[in-house]
Each structure stands twice: as C-alpha cells, then as structure tokens.
Amino acid sequence: MHKVIFDTDPGVDDALALYYLHRHPQVDLLAITTVFGNAPVETTTRNALFLKDSWGIAAPVAMGAAHPLSGPDEAHWPTHIHGRDGLGNIDAPEPAAQPDARPAHQLIVDTIRAHPGEVTLVAVGRMTNLARALRTAPDIATQVKQVVVMGGAFAVPGNVTPAAEANLHGDALAADEVFGASWPVVAVGLDVTRQVEMTHAELTDLARQAGPEVALLRDLSQDYIAFYEALNHRGMVVHDCCACVLVTDPDLFTRRTARIRVLTEGIGRGATVAAPLDMRFPPGDWDSAPAQDYCTALRAEAVHERITRLLLAR
Ligand code: BDR
Ligand code: CA
C-alpha cells in the first residue's frame with residue numbers, strides 16, 4: 001500500500017489525479033494540501049474541499065502557500081486553461097467540508113512524522129509547501145519514502161516560457177530546494193506527460209459507463225480539453241495524473257539520474273539543468289546537489305489504460 005500526501009492546485013488535471021489516488025486500491029491517501037498555481041490558493045482550497053465532498057474523500061485538506069518563496073507572484077491566473085474558478089467554470093456549490101486548522105506545510109510535517117519511512121509525497125503544483133515543510137523540519141527529508149513531482153521540461157520546451165514548465169516557473173526557488181534536499185525525488189515532466197491524452201469522446205464514454213463521479217470529471221474538463229485540442233493535441237493532457245501513475249506503476253516509466261538544479265532568475269527562471277553523474281565539474285554548486293531522478297520516457301498507451309481502467313472500476 002502506498003501512503004500518499006497529495007500537494008495540489010486544483011486545477012482540472014489535478015482533479016483527475018486526485019480521483020485516481022482516491023480510487024486506487026493500492027493507495028492510502030493520508031492528506032491533501034493546496035497551493036496557489038492554477039488559481040489563487042483560496043480557490044484551489046475551495047476546489048479541493050468541493051472534490052472531497054463530491055467523492056467522499058476522507059483525507060483532510062489543508063490550505064498552503066499563497067505566494068512563491070521568492071520571485072514575482074503570478075502575472076495572471078491561467079483562466080483560459082482551468083477556468084475562472086480553476087475547475088472548468090462548473091459553478092460548484094460552496095463545500096460543506098472545512099479545511100484542516102493547520103497550514104499545509106505543518107500537515108505535511110505531522111503526517112510524515114506519524115509514518116516514518118512510509119510516505120510518498122506527490123506534488124503537482126508549485127513546490128512552495130514542500131520547501132516550507134523542509135525549512136520547518138529538515139528531519140522529514142530522511143523520513144520520506146519518496147517525492148514524486150509533476151514538473152520540469154528537461155529535453156523539451158517549457159509551457160509557460162520556452163525554458164520552463166509552469167510548476168517550476170511559479171516558484172523556482174522552492175523547486176530548487178526540493179531537488180536539492182536529501183530525499184529521493186522523481187520528476188515527471190513535460191518530456192513524458194505531454195504524451196498521455198484523453199479525448200473528449202473517451203471521457204464522455206467513461207462518464208456514461210461509470211456514473212456521476214466520473215461525469216463530474218467530464219463536466220469540469222470541457223474547456224481544458226478544448227484548450228489542448230487547439231494546441232493540436234487529441235484531447236486533454238493529463239499531466240498530474242502521470243505523476244500518480246508513476247507511484248502505482250513505476251515500471252511504465254524510464255528514468256535518468258542526475259544532479260538537478262532549477263534556475264531561479266532571469267529569462268531562464270524555472271528551467272531545469274540536469275548534470276549527468278559521470279561528468280566532472282569544478283567543485284561548487286553542481287557536485288553538491290544530490291542525485292535525483294527525472295523521467296525520459298513512458299509507455300503512453302499503458303499509462304492511459306491504467307487511468308481508464310481505474311475510472312471504470314466499481
Ligand atoms: C502543470 O501546470 C498546471 O497547469 C497543471 O495542473 C500541471 O500541474 C503542467 O505544467
Ligand atoms: Ca497541477
């Protein structure tokens with residue numbers, strides 16, 4: 001069983017990822033923590049609480065960071081991708097569930113300490129909460145089983161600048177601190193996530209077969225699908241769910257190990273630099289970074305099949 005903390009900014013693909021973790025028989029979802037990104041943190045928290053209500057999720061939801069550790073705030077929220085409400089403009093009702101009293105980083109620390117060596121931290125938004133948790137309690141780095149992040153563009157262009165993927169661009173310093181900590185990180189970046197698409201027809205059919213829980217996913221995904229279709233994708237790109245499939249089905253992914261740094265300033269802000277372990281550089285910033293993993297390939301059809309199989313499971 002995988003004990004998981006899910007750090008997220010729902011977010012359309014975040015919602016699918018949350019459903020995947022909630023319904024997967026090998027996942028024990030311990031906590032949900034929210035961060036700014038696809039919308040302000042008040043909105044992403046409200047969305048997480050709404051999804052908790054809608055799907056009967058037991059895990060607590062704690063609100064996290066509203067701003068990056070350093071660098072500018074978001075110039076504008078991606079309403080053209082995730083909707084004005086961060087959830088596809090579905091006009092969701094006020095959630096009945098209330099957030100946990102603790103800030104997200106404290107819930108992360110408490111949950112890891114309650115299950116030493118067992119927790120997988122899945123982060124699919126800006127990594128601000130993770131960096132705050134590390135700064136508050138550096139001991140958690142040795143107590144986490146693994147950290148899986150959706151983020152980065154290693155050998156492909158970014159999606160918010162030619163250099164950077166959104167989650168790293170939005171808080172580059174936090175990402176650099178997360179890759180630089182002595183916990184094992186796996187990055188599932190745009191190199192692989194762009195290959196897993198779910199079409200409008202597939203989601204419509206899945207919702208018809210599976211019922212109201214998946215119909216909610218279908219409804220909130222409509223504008224997101226249209227956004228990706230306009231970019232010549234066959235359907236929605238399920239970035240965040242790929243990171244969740246890596247937790248449950250790691251054999252579907254190919255990884256490379258490197259010393260990973262994230263550029264924090266200038267036009268390259270949020271870009272990843274992966275220094276191969278067998279290359280020698282003068283002592284300094286590069287050789288001090290720990291070896292971490294990033295994904296270079298995945299079996300896209302098999303990942304897609306795992307997601308659709310789970311959506312259909314009763
Ligand atoms: C990432 O940015 C967000 O829009 C998505 O939810 C995903 O986490 C993709 O770059
Ligand atoms: Ca996300």
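This is a predicted model: local features need pLDDT of at least 70, side-chain atom pairs count only at pLDDT 80 or more; totals for chains, interfaces and linings use all residues.

Colleague: How much of the protein chain counts as buried, and what share of the contacts between residues at least 6 apart joins residues at least 24 apart?

Modeller: The buried share is 53% of the 314 residues. For those contacts, the share is 82%.

Colleague: Which residues come nearest to ligand 1, and which helices each supply at least two residues of its shell?

Modeller: There are 13 residues around ligand 1, and G11, D13, V124, A166 and H239 come nearest. The helices are α1 (12–23), α6 (166–170) and α11 (239–248). By kind, the shell holds three nonpolar, six polar and four charged residues.

Colleague: Why is α11 called largely enclosed?

Modeller: A residue is buried if 20 or more other C-beta atoms lie within 10 Å of its own. Nine of the 10 residues of α11 are buried, so the rest of the structure largely encloses this helix. Among the buried ones are H239, D240 and C241.

Colleague: How do you know that strand β5 is largely enclosed?

Modeller: The reasoning is again a count: five of the seven residues of β5 (residues 144–150) are buried, so the rest of the structure largely encloses this strand.

Colleague: What makes β4 and β5 a pair, and which residue of β5 stands opposite T120?

Modeller: Two strands pair if at least two bridges are found between them. Strand β4 (residues 119–123) and β5 have five bridges and run in the parallel sense, so they are a pair. T120 stands opposite Q146. Between the two strands the chain passes through helix α5 (residues 128–136), and this β-α-β crossover is right-handed.

Colleague: How many bridges join β5 to β6?

Modeller: Four bridges join β5 to strand β6 (residues 185–188), and the two run parallel. One of the bridge partners in β6 is V188, which goes with M150.

Colleague: What makes the peptide bond between P10 and G11 worth a remark?

Modeller: The bond is cis, with omega about -15 degrees. Most peptide bonds are trans. G11 is in the loop between β1 (2–8) and α1.

Colleague: What is remarked on in the phi of D91 and of N232?

Modeller: Phi of D91 is near 60 degrees, a positive value in a residue other than glycine. N232 also has a positive phi, near 70 degrees, and is likewise a residue other than glycine. Most residues other than glycine have a negative phi. D91 is in the loop between α3 (79–82) and α4 (104–114), while N232 is in the loop between α10 (212–230) and β8 (236–237).

Terms used
Residues are numbered from 1 along each chain as its sequence is written. Chains are lettered from A and ligands numbered from 1 in the order in which they are written. A residue is buried if 20 or more other C-beta atoms lie within 10 Å of its own, exposed if 12 or fewer, and partly exposed in between; C-beta atoms are placed from the backbone. Two residues are in contact if their C-beta atoms, placed from the backbone, lie within 7 Å. A residue is near a molecule or strand if its C-beta atom, placed from the backbone, lies within 6 Å of it. Ala, Val, Leu, Ile, Met, Phe, Trp, Tyr, Cys and Pro count as nonpolar, Asp, Glu, Lys and Arg as charged, and the others, Gly among them, as polar. A crossover is right-handed if, with the strands pointing away from the viewer, the path from the first strand over the helix to the second runs clockwise.
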